[in-house]
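The following paragraphs examine how selected side chains are packed in a single protein model.

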Amino acid sequence: MGSSPQDITAKGGSGWIRAVVGDFLAASSRRTAHSKTVRAGPLGDYPQLKIEVKRLGLLDRQPAYYAWKSAQALAFVLLGVAWVGFTRGTHLVWFGAALLAFASAQLTLLGHDAAHRAVFASPRANDLLALLCINALNGGSYRWWAASHNEHHARSGDLTRDPDLDYPFLAFSEVQAALKTPRFRPVLARQHALVIPFAALVGFTLRAYSLVSLARGRGARAEIPAVALFYVLYPSLVISALGPARAALFTLIALALNGLILASITAPGHWAMPMPEATHAMDFVRHQVTTSRNLAGGALVDLWYGGLNLQIEHHLFPTMARNNLRRAREVVRAFCAERGIPYHEVSPGAAYAEIYSTMRRVARHVRDQTN
């Protein structure tokens with residue numbers, strides 16, 4: 001998806017590499033094409049649901065909660081930094097990579113909420129928090145990410161236009177697999193075995209997409225200084241603590257773990273869920289609910305997934321504060337039950353099993369079509 005005809009028909013390894021690079025750059029452009037969420041299809045009964053949710057105060061701002069979550073995320077960062085500082089002469093220092101990878105994910109989740117305008121009433125205050133969490137402390141671009149993520153919300157479950165489902169090397173249905181570039185079919189045929197190594201690259205690719213977007217002048221004016229601060233301070237601190245060689249290895253481990261954590265958080269929300277071919281004809285509630293999956297669980301699930309375990313409610317009310325999603329869940333479930341709308345909620349383990357089973361089935365289909 002995105003490779004030129006010349007790339008598709010080229011022979012040899014260099015042609016394959018050009019195809020990968022072409023897909024990467026095309027995806028970067030595609031994911032920055034839209035900056036505002038446009039709801040596809042009719043609203044249907046959604047206004048009625050929103051009135052009930054608003055009546056219960058579930059769309060009210062939660063400043064105390066987000067002050068706590070901000071302090072918590074910062075504490076994870078400081079814990080990771082302190083761990084590296086105190087253990088840098090021992091093998092225990094490598095656990096610091098895991099701590100910082102987790103802290104990075106927590107900052108990303110906080111930046112996610114800010115980019116959705118869920119934290120502050122002021123758009124500028126939300127932008128500043130997102131800038132801090134995603135650019136200055138993570139080396140990404142919050143404007144690029146917000147454009148991509150808004151497109152995902154608008155096109156959830158779309159075979160070719162949902163950026164969270166449209167990957168060159170992955171397919172979540174036989175129909176979607178048929179739309180992929182033929183060059184990548186050998187990878188698609190093994191996608192269920194390769195998905196974890198691919199996930200380990202997420203931390204790198206998100207930052208690479210961000211930097212490509214900023215290089216093309218698509219970021220906000222403050223983004224480049226903020227992201228430059230990260231790429232000056234982070235290497236300086238790690239190199240000063242560990243030396244160049246160990247710092248490079250530490251960074252690669254942290255990026256890989258960050259990618260695995262982010263993939264574990266985001267994949268259950270939509271991977272292996274229905275991808276209707278006519279989402280534009282569905283009413284808003286049915287579209288968002290049928291293409292999303294909730295994860296059952298308590299406080300630890302809430303911490304790890306940062307509210308994205310309640311993906312259905314988040315998609316229906318993106319500006320809702322994270323701590324109100326559980327109360328909204330009861331309202332939404334009842335609303336869906338009354339209208340016969342499928343509401344899918346499973347444990348995290350069951351969600352990963354569903355994803356793996358679907359990807360293996362599609363991989364087998366690709367192999368059968370190729371042989």
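Leaving out residues up to four places away in sequence, His116 touches His149, Asn150, His153, His314, Pro318 and Thr319, where contact denotes heavy atoms within 4.5 Å. The model is predicted: local features need pLDDT of at least 70, side-chain atom pairs count only at pLDDT 80 or more, and totals for chains, interfaces and linings use all residues. Residues are numbered from 1 along each chain as its sequence is written, and side-chain values use heavy atoms, with hydrogens and water left out.

His116 itself lies in the loop between H5 and H6; helices (H or I, at least four residues) and strands (E, at least two) are DSSP runs numbered from the N terminus. His116 counts as buried because its relative accessible area is 8%, the classes being buried under 20%, exposed over 50% and partly exposed in between, with a 1.4 Å probe and protein chains only. Its side chain also makes a polar contact of 3.1 Å with the side chain of His149. Such a contact is a pair of N or O atoms within 3.5 Å; within protein, one must be able to donate a hydrogen and the other to accept it, and residues adjacent in sequence count only if both atoms are side-chain atoms.

Attention now turns to nonpolar packing. In soluble globular proteins, nonpolar side chains tend to be buried together. A nonpolar core is here a set of buried Ala, Val, Leu, Ile, Met, Phe, Trp, Tyr and Cys residues joined through side-chain atoms within 4.5 Å. The largest such core has 24 residues, of which Tyr66, Leu129, Tyr142 and Trp145 touch the most other members. Two or more residues each come from helices H4 (63-87), H5 (95-115), H6 (123-136) and H7 (142-154), and H6 provides the largest share, six residues. Apart from this core lies another, of 20 residues, including Leu58, Leu310, Ile312 and Val331.

Helix H4 also contains Val84, which is buried because its relative accessible area is 10%. Beyond its neighbours within four places in sequence, Val84 is in contact with Val93, Gly96, Leu100, Ala241, Leu242 and Phe250. The C-alpha atoms of Val84 and Val238 are separated by 8.6 Å, although the two residues stand 154 residues apart along the chain.

Finally, the cysteines: Cys133 counts as buried because its relative accessibility is 1%, and Cys336 because its relative accessible area is 0%. The structure holds zero disulfides, a disulfide being a pair of cysteine sulfur atoms within 2.5 Å.
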